[in-house]
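Work through the exercises below with the sequence and the structure side by side, trying each task before reading its solution.

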Amino acid sequence: VEAGWHVDPNLWTDGKPRLFTFSTANGYGANSCYNLGAGCNPAFQMLPSALISPGAILTSSVLGGTQSELSVYITNVPPPSANAGWYLWIGTCGSGSWIGYWPYYQFSGAMQTTATTFQSGAEVADFYKTWTVPMGSGADPSAGFGQAGYDHDILACSVSGGCSYSNFGIAGNGSTEPGYAITFTPSGYPGWSNYFFYGNVPNIFWSQNSIYPRYSNEPDW
């Protein structure tokens with residue numbers, strides 16, 4: 001299951017940041033599901049109390065000014081709950097709500113009730129294969145807050161309820177995964193338990209593709 005914000009002119013015919021959800025039960029194969037797509041599996045189910053829905057336009061950050069943040073929480077409600085599955089909470093501009101869930105029975109094995117790994121970060125799709133698409137604002141990650149894109153307060157909780165903040169083995173800069181540069185060096189952010197910045201260092205991706213190919217006709221990297 002995935003959730004966050006994206007800019008996807010191919011999906012929305014505009015360049016605005018939008019909330020998205022995604023899920024797959026078969027390794028990104030047929031019937032993987034974006035947002036509230038019909039006939040896909042696992043299909044995201046909206047809750048009546050939701051304050052926002054997948055596809056909604058989000059407020060953009062101002063370069064050098066106000067930063068608009070999206071808060072994302074995903075947790076599992078196991079059977080025998082009538083609506084067991086993976087629940088999604090989304091927060092924007094100081095308010096948020098549980099907006100929906102992916103039903104547990106649309107997954108197989110352990111994923112019905114638990115997950116063993118998770119990722120927080122960003123990716124870029126270059127449909128024209130020019131290898132020059134920036135990530136986030138396109139600023140170098142060393143530019144820091146107000147300039148470069150970032151994630152912060154990445155938190156994982158166990159089945160027993162214990163939660164922890166850590167760096168979670170951050171990838172990037174050609175370490176475990178080719179990626180746009182990531183840096184922890186900008187400092188001075190009171191209240192952030194952890195964080196990283198990412199941005200535009202295109203030489204890392206020029207002339208190479210992602211080590212995580214999905215399907216042969218998808219230029220996602």
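**Exercise 1: the whole chain**

Task: find what share of the contacts between residues at least 6 apart in sequence joins residues at least 24 apart, and then describe the protein as a whole.

Solution. Counting as a contact any pair with heavy atoms within 4.5 Å, we find that 53% of the contacts between residues at least 6 apart in sequence join residues at least 24 apart. This is a predicted model, in which local features need pLDDT of at least 70 and side-chain atom pairs count only at pLDDT 80 or more, while totals for chains, interfaces and linings use all residues. Residues are numbered from 1 along each chain as its sequence is written, and side-chain values use heavy atoms, with hydrogens and water left out.

Next, the protein has 1 helix and 12 strands, where helices (H or I, at least four residues) and strands (E, at least two) are DSSP runs numbered from the N terminus. Finally, 35% of its 221 residues are buried, that is, under 20% relative accessible area with a 1.4 Å probe, protein chains only.

**Exercise 2: a charged pair**

Task: which residue forms a salt bridge with R18, and is R18 buried or exposed (over 50% relative accessible area)?

Solution. A salt bridge requires a side-chain nitrogen of Lys or Arg within 4 Å of a carboxyl oxygen of Asp or Glu, and a search of the whole structure finds 1. The partner of R18 is D14, with the closest N and O atoms 2.6 Å apart.

R18 lies in strand β2, which covers residues 18-23, and R18 counts as buried because its relative accessible area is 11%; D14 is buried as well. Beyond its neighbours within four places in sequence, R18 is in contact with residues including W5, H6, W12 and I57.
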